[in-house]
Amino acid sequence: MSTPSTSWPPLPLADWADTLATLHMWTQIVGKIRLAQTPLVNHWWNVPLYLTARGLTTTAMPYEERSFQIDFDFLDHQLIIRCSDGAERKLALEPRSVAAFYREVMRLLDELGIQVKIWPVPVELEHPIPFEQDEQHASYDAAAAHRFWRSLTLMAPVLESFRSEFIGKCSPVHFFWGSFDLAVTRFSGRTAPPREGADSITREAYSHEVISHGFWPGGNGQEAAFYAYTAPAPAGFADVPVQPKEAFYSTELGEFLLPYEAVRTSPDPAAALRQFLQSTYEAGATLGHWERTALERQPA
């Protein structure tokens, strides 16, 4: 019997760890192209990818008198580069090394007359391998990639609805290719104390007080989970009881976690995720003395 399209798909790490690692590097290549072609927006909001009805996209990026965008299509399993003058190139998403993927993407851009220079080294990894040298990551399980994208399409409306109830400064729901997570971040409106020893990227990302929520599909032996953190974290934040009961505070990561599997197998996954988002937000905002009456509105 086929799985209903409304069911949240299973994402056990063991089933797609190699594909996840390879896809992470592929999205970093495409994401770095977006980074190179767009002006800095506060907190690096110019760099993420965005969810589409078929996969992930850079959205349109300027290039001289044209614009172009790069899409991951997880239905037909293609990378598609489209230009505003109608030109188009496609690359099959299939098992190939990061090095081969990098060469092919740059070759297709060159065919389209687009010259983009990126720093060809992945970020937010302990032991990064330059793209052109990475023959280690070369897996692509189309069914697993589709399940991952499908899970994003089911959680994104919950995150979007949650976002709509905040009238203060708030990020879009966007996909960060560096950390490989879908995220939405609320802001108190106040600046945050400088982080000791922070690099320029971190200083920009956390220049203001935030409460951030998102989903990480796992890696390095850790299973997929939703997360919530407040930065800077107010006193007592780790000790607040939150919902649903499967949620817990990770002292190692300094954030609340809710296993994806607990959400997926609950009677109402969207409601379980909503509980987590709301209860962890209320914990951070209340303890952090956010001006909640000025920042929130009741759902329509």
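Trainee: How many bridges join β11 to β12, and which way do the two run?

Mentor: Three bridges join them, and the strands run antiparallel. Keep in mind that this is a predicted model.

Trainee: OK, and what do β11 and β12 form, with how many residues between them?

Mentor: They form a hairpin, with four residues between the two strands. Look at Gly 254 in the turn: its phi is positive, about 70°. For one of the pairings, find Ser 250, whose bridge partner in β12 is Glu 255.

Trainee: What about the other neighbour, how many bridges join β10 to β12?

Mentor: Four, linking β10 (residues 225-231) with β12 (residues 255-259), and that pair is antiparallel too. Ala 228 has Phe 256 as its bridge partner in β12, while Ala 225 stands opposite Pro 259.

Trainee: Is β12 enclosed or open to the outside, and why?

Mentor: It's largely enclosed by the rest of the structure, because four of its five residues are buried.

Trainee: Zooming out, what's the strand order in the sheet?

Mentor: The order is β7-β8-β9-β10-β12-β11, six strands in an open sheet with antiparallel pairing. At the edges sit β7 (174-176) and β11 (248-250), each pairing on one side only. From one strand to the next the twist averages 35°.

Trainee: Which helix lies across β7, β8, β9 and β10?

Mentor: That's α3, residues 142-164, and it runs at about 25° to β8.

Trainee: And how does α3 pack with α6?

Mentor: The angle is about 35°, and the axes are 10 Å apart. α6 covers residues 269-287. The crossing is right-handed.

Trainee: Which residues meet there?

Mentor: From α3 you have Met 155, Val 158, Leu 159, Ser 161 and Phe 162. On the α6 side they meet Ala 270, Leu 273, Arg 274, Leu 277, Gln 278 and Tyr 281.

Trainee: Switching topic: how far does α2 reach from its first C-alpha to its last?

Mentor: It reaches 20 Å over 14 residues (98-111), close to the 20 Å expected at 1.5 Å a residue.

Trainee: Which residues of α2 are buried?

Mentor: Quite a list: Val 98, Ala 99, Ala 100, Phe 101, Tyr 102, Val 105, Met 106, Leu 108 and Leu 109. The buried residues of α2 pack against α1 (13-37), β4 (66-73), β5 (78-83) and β6 (88-92).

Trainee: Then what happens just after α2?

Mentor: Gly 113 takes a positive phi there, about 80°. Further on, Lys 117 sits in the loop between α2 and α3.

Trainee: Is Lys 117 buried or exposed, and why?

Mentor: Exposed, because its relative accessibility is 79% and the cut-off for exposed is over 50%.

Terms used
Residues are numbered from 1 along each chain as its sequence is written. This is a predicted model: local features need pLDDT of at least 70, side-chain atom pairs count only at pLDDT 80 or more; totals for chains, interfaces and linings use all residues. Side-chain values use heavy atoms; hydrogens and water are left out. Two strands pair if DSSP finds at least two bridges between them. Axes are lines fitted to C-alpha atoms, for helices over the stretch in contact, and angles run from 0 to 180 degrees between N-to-C directions. Contact means heavy atoms within 4.5 Å. The expected span of a helix is 1.5 Å times one less than its number of residues. Buried means under 20% relative accessible area, exposed over 50%, partly exposed in between (1.4 Å probe, protein chains only). A crossing is left-handed if the near helix is turned anticlockwise from the far one by less than a right angle, and right-handed if clockwise.
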